Amino acid sequence: MNNFLKNLYPLTKFYLVLTLIISGFIIPYNIYGYLLFIICGIFAFLYGKLGSYVKRAFLSLFLLTLVIFLAQSLLFVSEEIFAKIWIFIIYKKGLFKAIAVTSKLWAIVTPITLLILITPVKDFITALEKKGINPKMAFILLLTLQMIPEMGKQAGVILDSQRSRGVETEGNIFVRAKALLPVFVPLVLSSILNTEERAITLEARGFSIGEKRTILHDIEETKNDKIMKIMLAIFIVLCIVWRVLWVISK
């Protein structure tokens, strides 16, 4: 099973994630949106990325979910009261609204997080180019996807340099805010320089020459990809049937 998943074509992984997202909107039960966190976690475990997946998905969603629940259940005033906690009143309609919103949020974010972890950006861009996307557009997409991780690494290097010079970068919020400027300015300047260097490197390699390019790191679809696509198609059909039966039963 591990080999079956790990050898999937990048676009097949994309179709897998897209199918999970679509299913989160087709299946009529809000609990399924939260269950996708576990389902995607199983895939992440099979890919050996469970720790990174839990850290990214849960930490990014927990606070946002909490804020939405507080805002909707406390501020969405209705006649029906779900519960009273001290001076706070939780309204039933607002609570159900928060569940509906956050379940869809989890249904979107968790599969996308999985895709980012299990699909190397380079392979994904190569697959898009082979599908006919313009190489310039592919490069812009590659640069966009790599920007945040690269800036994170660069920020870490700058922070280490500032610490070696005696600048305080740890402590309360005021100390960290004070240390932000010496990090922010070099980070922006280095990002601009890196972009210019990449542009010069691409031109030196004939990126805009207009001729058909050859691919050094090539990837191909396999029989497993066809099997996965069939399984995904069957799954979507079953979800649609489930939704139709649910609507009829109401």
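# Chat: aromatics, core and salt bridges

User: Phe 37 and Trp 106, buried or exposed?

Analyst: Phe 37 is buried, and Trp 106 is buried too. Buried means under 20% relative accessible area, exposed over 50%, and partly exposed in between (1.4 Å probe, protein chains only). This is a predicted model: local features need pLDDT of at least 70 and side-chain atom pairs count only at pLDDT 80 or more, while totals for chains, interfaces and linings use all residues. Residues are numbered from 1 along each chain as its sequence is written, and side-chain values use heavy atoms, with hydrogens and water left out.

User: Which residues make up the aromatic cluster?

Analyst: Tyr 34, Phe 37, Tyr 53, Phe 58, Phe 62 and Trp 106 form one cluster.

User: Switching to the overall fold: how many helices and strands?

Analyst: Nine helices and two strands. From the N terminus on, the order is α-α-α-α-β-β-α-α-α-α-α. Among contacts (heavy atoms within 4.5 Å) between residues at least 6 apart in sequence, 71% join residues at least 24 apart.

User: How much of the protein is buried?

Analyst: 30% of the 250 residues count as buried. The protein exposes about 16,600 Å², and carbon and sulfur atoms supply 69% of that. Those areas come from the Shrake-Rupley method with a 1.4 Å probe; for residues, only the protein chains shown count as cover.

User: Which members of the largest nonpolar core touch the most others?

Analyst: Leu 5, Tyr 53, Leu 114 and Met 228, out of 27 residues in that core. At least two residues each come from helix 1 (2-6), helix 2 (10-26), helix 3 (31-46), helix 4 (50-75), helix 5 (92-118) and helix 9 (223-249). Helix 3 has the largest share, seven residues. A core here is a set of buried Ala, Val, Leu, Ile, Met, Phe, Trp, Tyr and Cys residues joined through side-chain atoms within 4.5 Å.

User: What does Leu 5 contact, leaving aside neighbours within four places?

Analyst: Lys 13, Phe 43, Leu 46, Tyr 47 and Met 228.

User: What about Thr 102, where is that?

Analyst: Thr 102 is in helix 5. Thr 102 has a relative accessible area of 0%, so it counts as buried. Beyond neighbours within four places in sequence, Thr 102 contacts Tyr 34, Thr 65, Ile 68 and Phe 69.

User: Now the surface. Which residues form the nonpolar patch?

Analyst: Phe 45, Leu 50, Val 54, Phe 58, Leu 59, Phe 62, Leu 63, Leu 66 and Leu 70, with about 830 Å² of accessible area together. Helix 4 gives the most, eight residues. Val 54 is in helix 4, and Val 54 counts as partly exposed because its relative accessibility is 35%. Patches take residues with over 30% relative accessible area and no salt bridge: like charges are joined within 9 Å, nonpolar side chains (Val, Leu, Ile, Met, Phe, Trp, Tyr) within 5 Å.

User: How many salt bridges does the whole structure have?

Analyst: Two. The cut-off is a side-chain nitrogen of Lys or Arg within 4 Å of a carboxyl oxygen of Asp or Glu. Lys 130 and Glu 220 meet at 3.0 Å, N to O. Lys 130 lies in helix 6 (residues 121-130) and Glu 220 in the loop between helix 8 (173-204) and helix 9, so this pair ties together parts 90 residues apart in sequence.

User: And which residue does Lys 229 bridge to?

Analyst: Glu 221, with the closest N and O atoms 2.7 Å apart. Lys 229 is partly exposed at 31% relative accessibility, and Glu 221 is partly exposed at 38%.

User: Back to helix 6, which residues are buried there?

Analyst: Asp 123, Phe 124, Ile 125, Thr 126, Ala 127 and Leu 128 are buried. Just after helix 6, Gly 132 takes a positive phi of about 110°.

Methods. Helices (H or I, at least four residues) and strands (E, at least two) are DSSP runs, numbered from the N terminus. Rings of Phe, Tyr and Trp (its six-membered ring) pair if their centres lie within 6.5 Å; planes under 30 degrees apart count as stacked, over 60 as edge-to-face and the rest as tilted.
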